[in-house]
Amino acid sequence: MKAETRRHASEWLVTLPSFVWLLLLFLVPTVLVFAITFKPPTPYGGIGEGWTLNTLRTLGNPNYPAIIWRTVWLSVAATAICILLATPMGYYMARVSPARRRLVLLLVILPFWTSFLVRIFAWKVLLHPEGLLKNTLVFLGLVGAETSLLYNAWSVLLVMVYTELPFAILPIYAAAEKFDFRLIEAAKDLGASSFCAFRSVFLPGIRVGLLTAFLMVFIPSLGSYVIPDIVGGPTSEMIGNKIAQRTFVDRNLPHAAGLSAFLTVAVLIPMIAITTLRGKESPRDTLREEGI
Amino acid sequence: MSEFLQFEDVSKHYGDVKAVDHVSLTVKQGEFFSLLGPSGCGKTTLLRILAGFEQPDTGRVLLGGEDVTDLPPYERKVNTIFQSYALFPHLSVWDNIAFGLKVAKRPRQEIQTEVAKMLTLIQMEDQAWKKPDQISGGQKQRVAIARALVNKPRVLLLDEPLAALDLKLRQRMLIELDLIHDEVGITFLYVTHDQGEAMSLSDRLAVMKLGRIEQLGTPEEIYEAPRTSFVAAFIGDTNFFNGTVAEPLEKHSVLEGFLSVAVDKDYSRLHIEDFPDLECYNDKQIKEGEQIFLSIRPEKLRISRERPKPAPHLNAIEGVVEDVIYLGSQTKYWVRAGDYRISVIRQHSRFLLDENPIRWREKVWISWHADDGFMLEKYSAQDENLIQLPPEEVGETSPDPNHAAPAQPVLR
C-alpha cells in the first residue's frame, strides 16, 4: 500500500513541471483570451471595467466571412498539397539506404537552420517583379511581364506549403519507417499492382502519420500571419492578419481576443474529431466500404 | 505434366555474393517440394525469384510450360505464405482472406462464398471479424494459408512458415499443412532451415548450400544415402571418422545352394587412426590412398558389453561410455574411442527395467555393418560454420535447434 502511494507520488512529481507549464502558459492564457472577449476596450488600448457582449456583435463585421473563407481554403489547400508531396517523400525515405536517408533527413531539416523570417524574405526576393524567378519565367515566355507573382493568394499558398512541408514529411516518414514493407510484397503477391498496394496497404498503414501531418500543417496554417503579411497583399489577408491589425493598429484587445477565440474553436473542432477517430478504430475495415 | 515447375540455370548475385548459383530444378504437379539449407544457402532467394520479387541474373523460370521469368509478382499464379505471415493489420480476418479476390474484382457473391469456404477449411468461421492482432500465432498462420489458397494458386510458396511458432504449435501446424496439401492438391514449394519439417512433409527435397543444390531426392534417399558430408551432417546426426582408403577387399563369394555366386559389392579397408581394421562399402569406387570421411548414423551403431561375434563386414571398436542420455523411447550414448566421441542411439524395443542397461564409464563395444557406413569427402570447417549459423530472421519465438551438432573428430 505504502509503496503504491510512494510510486503515485513520484509519478506526480515527475509530471508536475510539465503540468504546471501547460497550466500556466497554455490553459490560463487561453481562458484569459476567451474572457477578454467579454470586456470593453479602452481608448488607450487597454481593457476596461465590467462585462459586455459588444465585441461579439462587432465580430459580425461584413468583411470577415471572406477572410475566414480565404483562411480556411488556403489552409486546406496547403495541408492537402503538403501531404500529397510528403507521402511519396516519406515512402522514399523509409525505403532508401540508411546513409542516403540521413542525408535526405538533414536536407528536410536544413531550412530550420535559417530564421523563418529570413526564408520568407528570400521568397519575396525570388518572386519580386525584378526577381530571378520572375525574370526566368518571363524569359521562358511562361508568364507575361505584367503578371505579379507576389502579393496574392497564390504566393501565400506557395510559401505556406514551403514552410509547412517539413512538418508533414517528418511524421509521415516516422510512420513509414515503422511500416512493414513486407506487406506491400504480400499485397503484390495477392495480385495487387504497385499503385493498388500503395493505396490499400501502405496508406492505411501510415494512417497515424497522415493524421499527425494533417494536424501539424493545418493548425499552424489557420493561424498564419507573417506569411500573408510579407508575401500577401490586401486581397490575401487571413484571420491572423486581422488579429494582428486589431492588436497593434486598432489597439482593440477585446476584438483581437474575440477573433483569437474563434480561431481556437475552429482549430479544436478538427483536432477533437481526429483524436476521437484515432481512438476508436472502426471494427470493420475501410477496404470493404471502398469496395475494391 | 511432370515438368510442371522448372528452374533453368537460375543465378542471382548480390554484389559479390552468389545467392543462387546456376540452379536447375524441376518440381512435379501436386508435389510437396522442400528447399532445405542453412541460412544464406539461397533457398529463400530461389523462392522469391519464383514469386517475382527478385529477377534472376541468368536462367529462366517456367510454370506449366510458360516462361514467367519477367512477369511481375501480381501476374503470376503463385501465392506466398510469408515467414512473418504479413497479414494486413488494418483488415479483419475476413478481409485479409478476401484481399486477393477483391483486387481481382471478382463478383461480390463469389467472394463471399469463397471466403466462407476458406474460413471453414481453417476452422475460423467465428473469428472472421477479428483483426490480426487479436488472434493467436497459429491462427495467423492459418489465415495466411487461407489468404493464399483462396486465389487458387498453381504453386503455393511457403517461406519458413512455422519458424515463428513455438515447438508444440509447430508440430500441430505441420500436420495441418500436410492435411491441407492432401486436400487442395496444389503444388507446395516449402522453404525451411529445419530438416525435421522438410523430412516429415516433403515428397522430395533439395538440400542447398551456398547457392547450389547439394542433393535432391526423397527424404529417405537423402537421409540414408547422403552424397556429401555436408548433407550427412545437416540432415540428422552422424559420426565422422577421418581416414584414408586402403586396399580393396576380395570380393566375397556366398554359397547359395549348389551355385557359388559372387556378390558384386566392393568393400574397402580403411586406414583410420586408432581403428586399424575397419571396412566400408565402396559404392563410389573411391581409389586407394584417398582421404575420406567415414559417416555412420548413430542409430546404425550397436552397443554391447561383449565383443560381438565376428561376421563378414562387421566392424567393431572398443570404447568407454562418457555420457548416457535417457530419452524414454531411446537412449543416447556418447562413447569415447581413441580420439573420437561417438554418438550411439539405442532404441528400447524391450522392457528396459528387466535389463541391466549400460551405464556411465562402462567399457563397451560398438559395431556396425560395413554397408551402413558412407565414405564421403572431407567435412570442412566451412560446412560446420554453415550448419551452426542461426536461422535468418526469427519471429516471436526462436525455433530450438532440434538437431545437435554432429559428432566431430577431435583433430590433433
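Strand β14 (residues 267-272) of chain B is joined to β15(B) by five bridges, and the two strands run antiparallel. Strands here are DSSP runs of E with at least two residues, helices are runs of H or I with at least four, and both are numbered from the N terminus. Two strands are taken to pair if DSSP finds at least two bridges between them. Within this pairing, Ser268(B) stands opposite Cys280(B) of β15(B).

Before I continue, a word on the model. It is a predicted model, in which local features need pLDDT of at least 70 and side-chain atom pairs count only at pLDDT 80 or more, while totals for chains, interfaces and linings use all residues. Residues are numbered from 1 along each chain as its sequence is written, and chains are lettered from A and ligands numbered from 1 in the order in which they are written.

The pair I began with belongs to an open sheet of five strands in chain B, ordered β15-β14-β11-β16-β22, with antiparallel pairing. Its edge strands are β15 (275-281) and β22 (374-376), each of which pairs on one side only. Neighbouring strands of the sheet are turned against each other by 45 degrees on average, direction ignored; the axes behind that angle are lines fitted to C-alpha atoms, for helices over the stretch in contact, and angles run from 0 to 180 degrees between N-to-C directions.

I turn to the domains of chain B. The assignment gives domain 1 (5-224) and domain 2 (229-388), with bounds that come from an automatic or database domain assignment. Taken over C-alpha atoms, the centres of domain 1 and domain 2 of chain B are separated by 39 Å. How many residues of each domain are in contact with the other? Eight residues of domain 1 of chain B are in contact with seven residues of domain 2 of chain B, where contact requires that the C-beta atoms, placed from the backbone, lie within 7 Å. On the domain 1 side, β9 (204-209), β10 (212-217) and α7 (219-224) of chain B each supply at least two residues. That side divides into four nonpolar, two polar and two charged residues. In this classification Ala, Val, Leu, Ile, Met, Phe, Trp, Tyr, Cys and Pro are nonpolar, Asp, Glu, Lys and Arg are charged, and the others, Gly among them, are polar.

Next, some local features of chain B. Helix α1 (residues 43-51) of chain B is mostly covered, with nine of its nine residues buried. A residue is buried if 20 or more other C-beta atoms lie within 10 Å of its own, exposed if 12 or fewer, and partly exposed in between, with C-beta atoms placed from the backbone. The buried residues of α1(B) include Lys43(B) and Arg48(B). After α1(B) comes Gly52(B), with a positive phi near 100 degrees.

Gln123(B) lies in the loop between α3 (108-121) and α4 (137-149) of chain B, whereas Glu160(B) is found in the loop between β7 (155-159) and α5 (167-184) of chain B. Is each of them buried or exposed? Gln123(B) counts as exposed, because it has 11 C-beta neighbours inside 10 Å. Glu160(B) is buried, with 26 other C-beta atoms within 10 Å.

Helix α5 of chain B also holds Leu169(B), which is partly exposed with 16 C-beta neighbours inside 10 Å. Leaving aside neighbours within four places in sequence, Leu169(B) is in contact with Gly137(B) and Gly138(B). Leu169(B) and Gly137(B) are 32 residues apart in sequence and 8.6 Å apart in space, C-alpha to C-alpha.

Finally, chain A and its interface. Chain A has 14 helices and zero strands, and buried residues make up 29% of its 292 residues. Its C-alpha trace spans about 80 × 70 × 40 Å along the principal axes.

Between the chains, 19 residues of chain A are in contact with 22 residues of chain B. On the side of chain A, α8 (182-189), α9 (194-205) and α14 (286-290) each give two or more residues, and α8(A) gives the most, with six. That side of chain A divides into 10 nonpolar, three polar and six charged residues.

In α9(A), the buried residues are Ala197(A), Ser200(A), Val201(A), Phe202(A) and Gly205(A). Seen down the axis of α9(A), its buried residues fall within an arc of 165 degrees, so they line one face of the helix; the arc is that of the directions from the helix axis to the C-beta atoms.

Note on methods. Contact = placed C-beta atoms within 7 Å.
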